[in-house]
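This report describes the structure shown below.

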Amino acid sequence: RGVLNQYIGRVRFWAHPAKVFFRKGERCMRHANIPVFIPHLGCPNNCVFCDQRKISGCISFDELCVEKQIEQALSTLSPEDDTEIAFFGGSFTGIDRNLMLRLLEISDKFIKSGRVRSVRCSTRPDYIDAEVLEILREHHVGTVELGIQSMSDAVLNASKRGHTSDRTREACRAVKGDSRIEFAPYEYEAH
């Protein structure tokens with residue numbers, strides 16, 4: 001938790017798709033995420049705390065529907081909204097590289113048209129490296145959410161996460177070190 005607490009005060013979290021927010025020096029606007037669910041894609045494990053098919057209600061993924069899904073969501077938003085395309089429900093940087101690039105190219109079309117500001121994605125700490133960060137930068141990814149379930153190596157090992165707390169720290173530093181990408185750690189709470 002040390003590395004997470006170190007960054008938590010400097011990170012913005014968007015909790016609601018139409019939440020009003022201020023950025024220093026800017027006028028008030030609504031923030032909207034257009035969620036594109038990639039249920040369980042890129043995930044090597046079936047974690048007990050993370051059944052993305054059940055959580056998202058999305059059983060499968062159809063790449064051919066993504067552009068239409070984004071168009072439909074945009075039709076409900078104001079052109080003044082601060083809009084992001086958000087790839088959730090899997091480990092985005094762990095999916096097949098060609099699929100990831102095709103999805104980012106779809107997003108690029110909307111960004112270049114001015115209808116969307118940026119992209120956000122969620123992924124695992126062990127799926128972030130310099131090459132991946134360069135690809136994300138090239139395709140307007142503004143926020144990377146890292147799934148940080150624990151900073152205890154014993155817990156990570158017992159839950160078969162496949163990475164260590166040191167790898168999590170490295171990923172946090174890599175994303176935080178890139179001034180063009182926002183770092184947004186997220187944790188799962190055990191109940």
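## Surface and overall composition

The chain has an accessible surface of about 10,200 Å², and carbon and sulfur atoms contribute 52% of that surface. Accessible areas come from the Shrake-Rupley method with a 1.4 Å probe, and for residues only the protein chains shown count as cover. The model is predicted: local features require pLDDT of at least 70 and side-chain atom pairs count only at pLDDT 80 or more, whereas totals for chains, interfaces and linings use all residues. Residues are numbered from 1 along each chain as its sequence is written, and side-chain values use heavy atoms, with hydrogens and water left out.

Of the 191 residues in the chain, 46% are buried; buried means under 20% relative accessible area, exposed over 50%, and partly exposed in between (1.4 Å probe, protein chains only). Seven helices and six strands form the secondary structure, in the order α-β-β-α-α-β-α-β-α-β-α-α-β from the N terminus. These elements are DSSP runs numbered from the N terminus, with helices being H or I of at least four residues and strands E of at least two. Among contacts with a separation of 6 or more, 72% join residues 24 or more positions apart; a contact means heavy atoms within 4.5 Å.

Strand β3 (residues 82-88) is largely enclosed by the rest of the structure, because seven of its seven residues are buried. In a regular strand the side chains alternate between the two faces of the sheet. On one side of β3 lie Asp 82, Glu 84, Ala 86 and Phe 88, on the other Thr 83, Ile 85 and Phe 87, and all of these are buried.

β3 pairs with strand β2 (residues 29-37) in the parallel sense over seven bridges; two strands pair if DSSP finds at least two bridges between them. In this pairing, Ala 32 stands opposite Thr 83. Strand β4 (residues 118-123) also runs parallel to β3, joined by four bridges, and there Phe 87 faces Cys 121. With helix α4 (residues 97-112), β3 and β4 make a right-handed β-α-β unit. Right-handed means that, with the strands pointing away from the viewer, the path from the first strand over the helix to the second runs clockwise.

His 163 is located in the loop between α6 (153-158) and α7 (165-177). Its relative accessible area is 9%, so His 163 counts as buried.

The side chain of His 163 makes a polar contact of 3.4 Å with the side chain of Thr 168. A polar contact is a pair of N or O atoms within 3.5 Å; within protein, one must be able to donate a hydrogen and the other to accept it, and residues adjacent in sequence count only if both atoms are side-chain atoms. Apart from neighbours within four places in sequence, His 163 is in contact with Arg 124, Pro 125, Asp 126, Leu 156 and Thr 168.

## Positive phi values in loops

Most residues other than glycine have a negative phi. His 140 has a positive phi near 65 degrees and lies in the loop between α5 (130-138) and β5 (141-147). At 31% relative accessibility, His 140 is partly exposed.

Lys 160, in the loop between α6 and α7, has a positive phi of about 55 degrees. With a relative accessible area of 62%, Lys 160 is exposed.

## Cysteines

Cys 121 is buried at 0% relative accessibility, and Cys 172 is likewise buried at 0%. The count of disulfides is zero, a disulfide being a pair of cysteine sulfur atoms within 2.5 Å.
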